[in-house]
Amino acid sequence: MKRVYCLYRVSTKKQVDKNENDIPMQKTACHEFAGRQEDWVILREFSEKGISGYKVSAQDRDAIQDLKEAALKDEFDILLVFMFDRIGRIDDETPFVVEWFAKHGIEVWSTREGQQRFDSHVDKLMNYLRFWQASGESEKTSIRISSKMQQMQMDGMYTGGPVKFGYCLVDSGLVNRKGAPIKKYEIDPAEKEILDLIDELTVHKGYGAWRLADLLNKEGHRTRSGEKFTGLKISRILKDPYYCGRLEDGSTSDALQALRLRSDETYSQIMYIMEQRSRKNEEKRHIAMRTQGQAMLSGNIFCAHCGGRLAAIHYTDSYERADGSVYCVDQVKYSCYHKSRKLCPCDGQTTYQAEKVDGMVSQTIREIFKSMSGAPEEEKIQDLFQRRIAGNRAMQKKLGFELGKHREQLTKLQMEIAKTLTGDSLYSPEDLTQALQTVKKRIEESEIQLERLKEEEAQKKQGIEMVTPAYKQFKSWAEEFDSATLEQKKMIACQLLKRVEVGRDYKISVELNMTYSQFCNEWNANEFLDALQHPAGNEPDESISFQGMDLC
C-alpha cells in the first residue's frame, strides 16, 4: 500500500462553510480521491488555517517543514492536496518546493489536476507556469480586495477593527455577499464633545497625551470598550487624519467630509506641537514639553551668551534681618543650565527672575497684537495677493511673447547659415555668428527670468494658503491673551515666538515663528516694525530687540 499524507490550507480562519477552499470540503475531496485508488491509504493529515500561500514563505510554514522532515525519514510516499495552489502561490518558490518532494521520492498529487511529474522540460515548465498563474490570481485578488476596502472607507463604511472614537455604527441599508448587514460610521455627539475637549486642551493649554488621559479618566470618561484612556490612545486620536475627513493616504470624499470632526488648522497645530515635542527635535524645540508650572517661557527661552536652554527653577531666598526677623521669598527663576553646571564658558548671568522676563516678553506680545488693529480685513488681504499674482502672470505672458519672437529669430538665423554654404546669403558668417550669440543670450536670459517669475507665483500662492489661518489665529490670540490662563499664555508664546534669548541686564531678543513673521511682512512691514518699536507713541524699548525677521 502507498502511504498518503494530505495537506489542507485556507487563507482565512473564517472559511469554515462549504465554499471552494474550506477545510471540510478539501478533506472530503481528498478522501474520495484516495478511495478510488486501489493501493492508497491516508495515514496523516495536515491543516493550515489562516495561512496565506501568497504572503507566507514555505520556510515559515510549520506544515511544510513537518512534511519535508517526514519525507526525509521516508514516512510517506504520496503528498495529496485538493489543488496544487494549497501548497503555495509564490511563483519563485512554490514550484521548487513541489520539485523538492519529487526529487526525494514523494509523488505530488492534486484531486483536480492529477500528478505533477518532472520527466521532461515540458513538465518543469508546466509546473512553473501553474504557480506563476496562481501567484497572479492571488495578486489580482489582493488588489481587488484592497480596492473594495478603500472604496468602502471612502463611502464612510465600517470595514472591521475597533470603532474609531467619536463615531458610532449604524445600518447602511446594504448587505454583503453573505447577506450580513454592512455598517457605516456616524458621528457620536457625546464623544465629539470629548474630542473637542482633547483638541482644545492640546492646542490652547499644551496638555500632553498622558495628562489628557489622566484628566479624562478622573472625570469618569471611558473608551468605547469601557476601559480607561491611555496616553497611547490619546496620541492615536490626535494623529488620526480620519477626523479631518481623510484616509491615511490623503484621499477624501464627500462622505468622509461629512464625518469631519477636526479642522485642518487644528490638525496642523496639533501635529506641529507633537513634532516639536518629539525627542528628535530636542535641540530645535521651542514648544514647552509641559505647560504646568509658573514660568511662561519654559521650553523656548535661551541664554544669549552661550546659547544653552534656560530651565525654570524654584528658588527660596531667605536671610535674617537686623531686628531678628527672617525674610523669606519663594521665586521662580530661569537658570542657565550650562553656566550652573560649568559645561562651557558663559559670561551671562546664572539666573534671571522669571516674573521680570515674562512681564517684558508679555508686553512685547501685546504690542505685536496691538499692531494688528491696522491690518486689513481678510478679504482685502486675499484681494491683495490675487492682484500681485495677476501682475506676475501679466509679466509672464509678456515675457513669453518676447521669448517666442527670439526663438523665431534664432530659427531664421540658423536657416541663413545654410545659405552661406551655397553662397546665397547676403550676410557674412562672422555677422551671422555674432547675431546668433546675441539671440541665444537673450533667449537664455528670458528663460531664467520666466522661471523666476513662476517661482514667485508659486510662493505667492503658498502665501494665500497661509494668510487665512495665520490671520484668524492672530486675531484669536489678540482677543484672548490678556484674559488667558498661564497655560494658555505659555502655548501662545510658544507658537508665536520661535526663540527668546535673555542676556545680562535683562537684554532680551525675540524671534518670531516664521509663519507669522512672513504674514506680518506681507501686509505692512514698516507699519508693523514701527508699532513694535514705538508702541502707543512711546519711545522704543531698547532692552528688547528682534532677530531672525526681515521686517524692514
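**Legends to close-up views of a predicted model**

**View 1. Strands β8 and β12 lie side by side as a parallel pair.** Strand β8, which covers residues 301-303, pairs with β12 in the parallel sense, and 3 bridges join the two. Within this pairing, Cys303 stands opposite Val502 of β12. The model shown here and in the other views is predicted. Of the 7 residues of β12, 5 are buried, so the strand is largely enclosed by the rest of the structure.

**View 2. Strands β12 and β13 form a hairpin.** The two strands run antiparallel and are joined by 6 bridges. One of the facing pairs is made by Glu501 and Ser509, the latter being the bridge partner in β13. The hairpin has 3 residues between its strands. Asp505 belongs to the loop between β12 (497-503) and β13 (507-512), and Tyr506 is placed in the loop between β12 and β13 as well. Most residues other than glycine have a negative phi. Asp505, however, has a positive phi near 60°, and Tyr506 also has a positive phi, of about 60°, although it is not a glycine.

**View 3. Five strands form an open sheet with mixed pairing.** The sheet contains 5 strands in the order β2-β1-β3-β4-β5, and the pairing is mixed. Why is one side of β2 and of β5 left without a neighbour in the sheet? Strands β2 (40-49) and β5 (114-116) stand at the edges, and each has a single partner strand, so one side of each remains without a neighbour. From one strand to the next, the twist averages 30°. Inside the sheet, β1 (residues 2-10) and β3 (residues 78-81) pair in the parallel sense over 4 bridges. Val4 stands opposite Ile78 of β3. In a regular strand the side chains alternate between the two faces of the sheet.

**View 4. Three strands form an open antiparallel sheet.** The order of the 3 strands is β9-β10-β11, and the pairing is antiparallel. Strands β9 (310-320) and β11 (351-353) stand at the edges with a single partner strand each, so one side of each has no neighbour in the sheet. The twist here averages 45° from one strand to the next. Strand β10, made of residues 326-336, runs antiparallel to β11, and 3 bridges join them. Which residue of β11 is the bridge partner of Tyr334? The partner is Tyr352.

**View 5. Helices α5 and α14 pack against each other.** Helix α5 (residues 189-205) and helix α14 (residues 486-496) pack at an angle of about 65°, and their axes are 7 Å apart. From α5, the residues Thr202, Val203, His204 and Lys205 meet Glu487, Gln488, Met491 and Gln495 of α14. The residues of this contact divide into 2 nonpolar, 4 polar and 2 charged. Gln269, which lies in helix α9 (residues 264-276), touches residues that include Val203 and Gln495. Gln269 counts as buried, at 14% relative accessibility; the limit for a buried residue is under 20%.

**View 6. Arg224 makes contacts with residues from other parts of the chain.** Arg224 is found in the loop between α6 (209-218) and α7 (231-239). With a relative accessible area of 39%, Arg224 is partly exposed. Which residues does Arg224 touch, not counting residues up to four places away in sequence? The residues are Val163, Lys164, Tyr167, Cys168, Asp188 and Glu191. With Glu191 there is a polar contact between the two side chains, at 3.0 Å. Arg224 and Phe165 are 59 residues apart along the chain, and their C-alpha atoms are separated by 7.0 Å.

**View 7. The whole protein gives the setting for the close-up views.** The protein has 15 helices and 14 strands. Of its 552 residues, 41% count as buried. The protein exposes about 31500 Å², of which carbon and sulfur atoms supply 49%. Among the contacts with a separation of 6 or more, 63% are made by residues 24 or more positions apart.

Key
Residues are numbered from 1 along each chain as its sequence is written. This is a predicted model: local features need pLDDT of at least 70, side-chain atom pairs count only at pLDDT 80 or more; totals for chains, interfaces and linings use all residues. Side-chain values use heavy atoms; hydrogens and water are left out. Two strands pair if DSSP finds at least two bridges between them. Axes are lines fitted to C-alpha atoms, for helices over the stretch in contact, and angles run from 0 to 180 degrees between N-to-C directions. Buried means under 20% relative accessible area, exposed over 50%, partly exposed in between (1.4 Å probe, protein chains only). Contact means heavy atoms within 4.5 Å. A polar contact is a pair of N or O atoms within 3.5 Å; within protein, one must be able to donate a hydrogen and the other to accept it, and residues adjacent in sequence count only if both atoms are side-chain atoms. Accessible areas come from the Shrake-Rupley method with a 1.4 Å probe; for residues, only the protein chains shown count as cover. Ala, Val, Leu, Ile, Met, Phe, Trp, Tyr, Cys and Pro count as nonpolar, Asp, Glu, Lys and Arg as charged, and the others, Gly among them, as polar.
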